[in-house]
Amino acid sequence: MNKIWIIIKREFLTRVRKKSFIVTTLLLPVLFASMIVLPSLFINSDNDEKVAVIDDSGYFAGKLPDEKGIHYNFVEAKLDTFKKSYRDQGYTGLLHIPKMDINRLPAIVYYSKGQMPFSLRGSMEKRLESVIEDKRMEMAGIDKSKLEDIRADISIENLAGEAEKKGSSTVAYIVGWISGFLIYIVLLVFGMMVMRGVMEEKTNRIAEVMVSSVKPFQLMMGKIIGIAGVGLVQFIIWTAIIIGLRLLLLPLLGADTDVSAAGQMSANASGKFKEQMEFVINSIDWFSLLPLFLFYFLGGYLFYAALFAAVGSLVNEDPNDAQSLTFPITLPIIVAIIIMIQAVVKPTSPLAVWGSIIPFTSPVVMMARIPYGVPGTVPYWQLGLSMISLIAGFLATTWVAAKIYRTGILMYGKKVTLGEVGKWIFRKS
Amino acid sequence: MNVLELQHLKKYYATHRAVDDISFSIPKGSIFGLLGPNGAGKTTLLRMITGIIYPDAGEVFFDGRPFDPHNDIQYIGYMPEERGLYKKMKVGEQAMYLAQLKGLSAKEARQKIDYWFNRFEITSWSNKKIEELSKGMQQKVQFISTVMHHPKLLILDEPFSGLDPINSQLIQDEIFQLAKGGTTIIFSTHRMEQVEEICDHIVLVNKGKKVLDGPVKQIRQDFKHHLYRISLESMPNPAQMATHHFTIVKQHENGYTVKINEYSKTNDILAHFLHHGIQITFFEEILPTIHEVFIQQVKTTDMEAVAAAVN
């Protein structure tokens, strides 16, 4: 027991002390944050579409107000000549609306240098359609204000469970997606880390020295647990950074937009944003989500890490071996992410339910379902069954892996076949 | 008293018998040579002795008791032929790690590391990474980490490969020193001249079977061809060489290699030359080197194996 602790310590410390660990741990959240924040920073007036409008029909004058990122400017000019010069006058495009009969719409043409951006086409069409619709209503003698009174605007409020908790499937969808995806990344990244560690020991022939001091099982488990420690530390640091950023950024976001004149959002909008954030944070049951995330993170890791260790022990010097041998292990992880994409949309479908119970896919798939609510969407029996089978699963994979590892780590030169590996598993010590 | 005793050890793999009924024992404090061509089963044998793999049949006794890998492992030091150290780890940390895994406390390990690093004059490397060291330097570190916990049984697989003569001598001296201190040493090698120089006992294995076992001196006696080398001040004329005591095997510039005949004594050879009044400058029995015995025995067993296969 003492020896396994010494191994854990080494595996943990050598990795945590590496510069690359510190850099990735600190930079990754920054990278993520900037991926969210940066796009909004880049939306500024420089990129706005300035659209010149030649309206021969006369229906649109004054009815195309500026909207986000699009400025309409009516010009009195001949199409033939202006077509050639609109870009010199600072316009990004020219919209030509020909003379028309309101009931028989002609082709409306947009001239631009490159292809018209997808979003621009969408909002422009919507804008033009509503103007035409208004005009037609007017001509049909329908009072527009009356029509608006008739129109209904319904949004369903979802109260889930006996506590009638306010929830949002959008939030559950996003949180489920992120948690499932995180688990997927964790399984692959840390699984590979275990495999590379084992390969290093084998190809450098350290394994032989080590197993004359400790049991192969201790060596394998020491590495797996040590690397789990690395993952946990990273997880804790990231959680701390996220909580820190939230505490820091939320008030900042509110204050910042108030003072900045160039800000796109009005104070009102930023207040709304803050409200939304609070809604997101409150609509998730963090006290069940976080411990369950930790459980599936560790359980899934232990389940796959042992298998990755076994594969590492089979690899000889040739790195191509590693690729073909890891494939049977990475395949179920990829299947898991495919099921997860389904499960996050339909969390109670049979595929999602069984995917979240079978330990090969459960860590990823279950994390996609949990944000929808326990026990509302995920009944306790499913959660219990999933957790128990994951524990049983990783005990089983560890047992199998230990058998393969013990023989594989001392085998050199020869390529092993799956049949031989099968024999190792069922051989007595 | 025997530190190690192997009784009818067997390890069979699917395709071949790696170790096929091998027994021998190693007395305490001896330097014991384990010889054999490549693929003879030496590594398998050593792995069973170090508890890395378990025999299919037979027993190992360590220090008089049945070998218990779990406990006895800390009294064994094993240096495999292929050097294994973590390349990115610092020399000092690496030694510390391996010492602790052998059951030394951090404090004991510190003391041992200081002692050995001083002795090998490598204290200044302590903070260097293994990958920065030359092969020979790595070898020294590996040797130290093998002996640091003062094992009762030290197993060295080709300990001199990659070492320059000076470091070879250094390690060799340490081996003698350790043996004097009571450590039993198993020494596995292909380099026969070193075996003669270092080992008291040898075991020769081939194709999984034990071929020879005994003290080095005894084995050379057992395999001698009763040859003697005699050097003379002047060569006698051929008529003077007729005798029933010996036959000439080879004539040299200043003497002969002769084979003594049955029932004759060495003094009979000398008496023959003295009788003819020829001055003798040198006389010595020619014993086979371990190298010669090795090659002869390996060839013989290989031939037997072929013969057995044909029949």
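Strands S9 (residues 201-206) and S10 of chain B pair in the antiparallel sense, over six bridges. Within this pairing, Val205(B) has Lys210(B) of S10(B) as its bridge partner. The model is a predicted one.

The two strands belong to an open sheet of six strands in chain B, ordered S6-S7-S8-S3-S9-S10, with mixed pairing. Strands S6 (76-79) and S10 (209-215) of chain B stand at the edges; each has a single partner strand, so one side of each is left without a neighbour in the sheet. From one strand to the next the twist averages 15°.

Helices H1 and H5 of chain B both lie against strands of this sheet. The table gives their residue ranges, the strands concerned and the angles between directions.

| Helix | Residues | Strands of chain B | Angle |
|---|---|---|---|
| H1(B) | 42-49 | S3 (31-35), S7 (153-157), S8 (184-189), S9 | about 155° with S7(B) |
| H5(B) | 135-147 | S6, S7 | about 160° to S6(B) |

H5(B) is also one of the elements against which the buried residues of helix H3(B) pack; the others are helix H4 (106-119) of chain B and helix H1 (2-16) of chain A. H3(B) covers residues 91-101 and is mostly covered, with nine of its eleven residues buried. The buried residues are Val91(B), Gln94(B), Ala95(B), Met96(B), Tyr97(B), Leu98(B), Ala99(B), Gln100(B) and Leu101(B). Just after the helix, Gly103(B) adopts a positive phi of about 100°.

The contact between the chains involves 16 residues from chain A and 19 residues from chain B. On the side of chain A that touches chain B, the elements giving two or more residues are H1 and helix H7 (206-210) of chain A. That side of chain A comprises seven nonpolar, five polar and four charged residues.

Chain A contains 15 helices and six strands. Of its 429 residues, 29% are buried. Among contacts in chain A with a separation of 6 or more, 71% are between residues 24 or more positions apart.

The largest nonpolar core has 130 residues, of which Ile224(A), Ala305(A), Ala309(A) and Ile155(B) touch the most other members. Helix H10 (residues 286-314) of chain A gives the most to this core, with 16 residues. Beyond its neighbours within four places in sequence, Ala305(A) is in contact with Phe190(A), Gly191(A), Val194(A) and Ile224(A). Another core, of eleven residues, lies apart from the largest one and includes Val51(A), Tyr91(A), Leu94(A) and Ile97(A).

Glu262(B) is found in a loop of chain B, between strand S13 (255-260) and helix H9 (266-275).

As for confidence, chain B has a mean pLDDT of 87, and 100% of its residues reach 70 or more. The model scores ipTM 0.79 and pTM 0.75.

Note on methods. Residues are numbered from 1 along each chain as its sequence is written. Chains are lettered from A and ligands numbered from 1 in the order in which they are written. This is a predicted model: local features need pLDDT of at least 70, side-chain atom pairs count only at pLDDT 80 or more; totals for chains, interfaces and linings use all residues. Helices (H or I, at least four residues) and strands (E, at least two) are DSSP runs, numbered from the N terminus. A residue is buried if 20 or more other C-beta atoms lie within 10 Å of its own, exposed if 12 or fewer, and partly exposed in between; C-beta atoms are placed from the backbone. Two residues are in contact if their C-beta atoms, placed from the backbone, lie within 7 Å. Two strands pair if DSSP finds at least two bridges between them. Axes are lines fitted to C-alpha atoms, for helices over the stretch in contact, and angles run from 0 to 180 degrees between N-to-C directions. A nonpolar core is a set of buried Ala, Val, Leu, Ile, Met, Phe, Trp, Tyr and Cys residues joined through C-beta atoms within 7 Å. pLDDT is the predictor's confidence in each residue, from 0 to 100. Ala, Val, Leu, Ile, Met, Phe, Trp, Tyr, Cys and Pro count as nonpolar, Asp, Glu, Lys and Arg as charged, and the others, Gly among them, as polar.
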